[in-house]
Amino acid sequence: MAKKRPQTKAGKQQLKDGEIPVVGAREPCPCGSGRRYKACHGRAAAQAVTELVHRPFEGLAGECDWVALRELVPAATVALTLKGGLPEGVPSVTLATVLPMAWPALRRDDGSVLLALQNDTPSGDLSRDLADTLRRALDAEPGSPVAAQRVPADGPRLQDVLDPDAAFEPVVHSGFEFWVPDAENATPEVSASLERANEAAIPTTRLAGVDAAYWCETPEKNHLRWVMPHAEERLLDALARLHAAGTSSLGEGTRLVGSFRAHGLMVPVWDLPSAMGAEECEKPAAEFAERLAEALASDAPLSAEERRARGGLTNRQVTLS
């Protein structure tokens with residue numbers, strides 16, 4: 001005889017889809033079907049969790065800076081503003097590029113919250129993962145870090161919890177001393193993590209005259225990495241027009257060498273002479289922004305030379321995420 005499927009006990013309340021909690025994959029589904037969670041409501045939840053969101057920061061103020069801080073900037077912080085204000089006992093919420101011991105978040109002794117941006121996340125939606133970590137950090141006991149965990153597929157995203165009208169103003173730091181109010185009295189583990197992080201940090205500066213452009217210093221040459229909000233195909237066309245015309249550089253000794261793809265946006269990259277600091281980039285970057293705006297406004301077909309330039313730029317793209 002064929003085995004009978006396990007039957008739901010009579011009188012057991014059936015939960016609505018919106019009320020189904022997340023449980024272990026092999027545990028009975030809380031809906032009362034008698035099947036394991038992974039074969040019931042967990043199937044849709046798993047698909048939602050693993051589906052990649054290509055532009056997780058879309059709709060947030062400062063989307064380009066979110067991408068830069070996630071992928072390019074070693075040490076930076078941003079004050080975050082929550083919808084509805086801060087909960088009682090939480091004086092501030094601050095986004096940080098990374099935290100000691102690779103903690104996803106930290107509730108400090110004074111109740112303030114630090115949320116790390118560069119940690120690995122368990123799902124395909126970085127925005128949802130960060131929102132869940134932030135929620136748990138707000139509820140954590142003061143003086144305790146927050147660990148990573150699986151995120152509910154229907155949980156809120158950053159777009160749901162952050163004030164969309166608040167400014168997003170990154171502060172770039174030369175090191176990671178912002179981790180602890182009193183670095184001299186930090187635990188040995190945190191002190192060691194701080195020392196390692198400071199040694200690995202590349203000097204970085206955010207330009208003041210244009211949005212989301214970051215100068216960085218390396219031993220052989222400097223670079224400017226500029227996260228741009230434009231659609232990739234249109235931006236490639238515009239850069240190709242400038243490149244073919246010989247106006248894609250930022251001045252003598254500089255060169256547009258390619259671009260990154262990161263979280264749905266393009267990040268053009270320029271090589272700079274070692275003597276060219278962040279301040280020396282300000283005027284050339286502002287002038288380039290004007291040339292780029294004109295090129296973006298053009299709908300003329302690309303010339304043969306511009307198509308060749310576009311092909312070269314496309315071949316020099318590197319995808320970060």
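Student: Which residue does Glu306 form a salt bridge with?
Tutor: Glu306 pairs with Arg241, and their closest N and O atoms are 3.8 Å apart. Keep in mind that this is a predicted model.

Student: Where do those two sit in the chain?
Tutor: Glu306 is in helix α8 (residues 304-315) and Arg241 is in helix α6. They are 65 residues apart, so the pair links distant parts of the chain.

Student: And is Glu306 buried or exposed?
Tutor: Glu306 has a relative accessible area of 15%, so it counts as buried, the cut-off being under 20%. Arg241 is buried as well, at 12% relative accessibility.

Student: Ok, how many salt bridges does a search of the whole structure find?
Tutor: The search turns up 14 salt bridges. One of them joins the side chains of Arg157 and Asp125, at 2.8 Å from N to O.

Student: Where are Arg157 and Asp125?
Tutor: Both are in loops: Arg157 between β5 and α4 (158-161), Asp125 between β4 and α3. Arg157 and Asp125 are both buried.

Student: What about Glu232, what's its partner?
Tutor: Glu232 forms a salt bridge with Arg261, with 2.9 Å between the closest N and O atoms. Glu232 belongs to helix α6 (residues 232-244) and Arg261 to strand β10, so this pair connects parts that are 29 residues apart in sequence.

Student: How accessible are Glu232 and Arg261?
Tutor: Glu232 is partly exposed at 26% relative accessibility, and Arg261 is partly exposed too, with a relative accessible area of 28%.

Student: New topic: what's the strand order in the six-stranded sheet?
Tutor: The order is β5-β3-β4-β2-β1-β6, in an open sheet with mixed pairing. The edge strands are β5 (144-146) and β6 (171-172), each of which pairs on one side only.

Student: How do β1 and β6 run?
Tutor: They run antiparallel, and two bridges join β1 (residues 76-80) to β6. Ala76 stands opposite Val172 in β6.

Student: Which strands does helix α3 lie across?
Tutor: Helix α3 (residues 126-139) lies across β2 (93-96), β3 (105-107), β4 (113-116) and β5. The helix runs at about 160 degrees to β4.

Student: What about Asp65, where is that?
Tutor: Asp65 is in helix α2 (residues 63-71). At 5% relative accessibility, Asp65 counts as buried.

Student: Which residues is Asp65 in contact with?
Tutor: If you skip its neighbours within four places in sequence, the contacts are Phe168, Pro170, Arg206, Ala212 and Tyr214.

Student: Is His263 buried or exposed?
Tutor: His263 is buried, with a relative accessible area of 9%.

Key. Residues are numbered from 1 along each chain as its sequence is written. This is a predicted model: local features need pLDDT of at least 70, side-chain atom pairs count only at pLDDT 80 or more; totals for chains, interfaces and linings use all residues. Side-chain values use heavy atoms; hydrogens and water are left out. Two strands pair if DSSP finds at least two bridges between them. Helices (H or I, at least four residues) and strands (E, at least two) are DSSP runs, numbered from the N terminus. Contact means heavy atoms within 4.5 Å. Axes are lines fitted to C-alpha atoms, for helices over the stretch in contact, and angles run from 0 to 180 degrees between N-to-C directions. Buried means under 20% relative accessible area, exposed over 50%, partly exposed in between (1.4 Å probe, protein chains only). A salt bridge is a side-chain nitrogen of Lys or Arg within 4 Å of a carboxyl oxygen of Asp or Glu.
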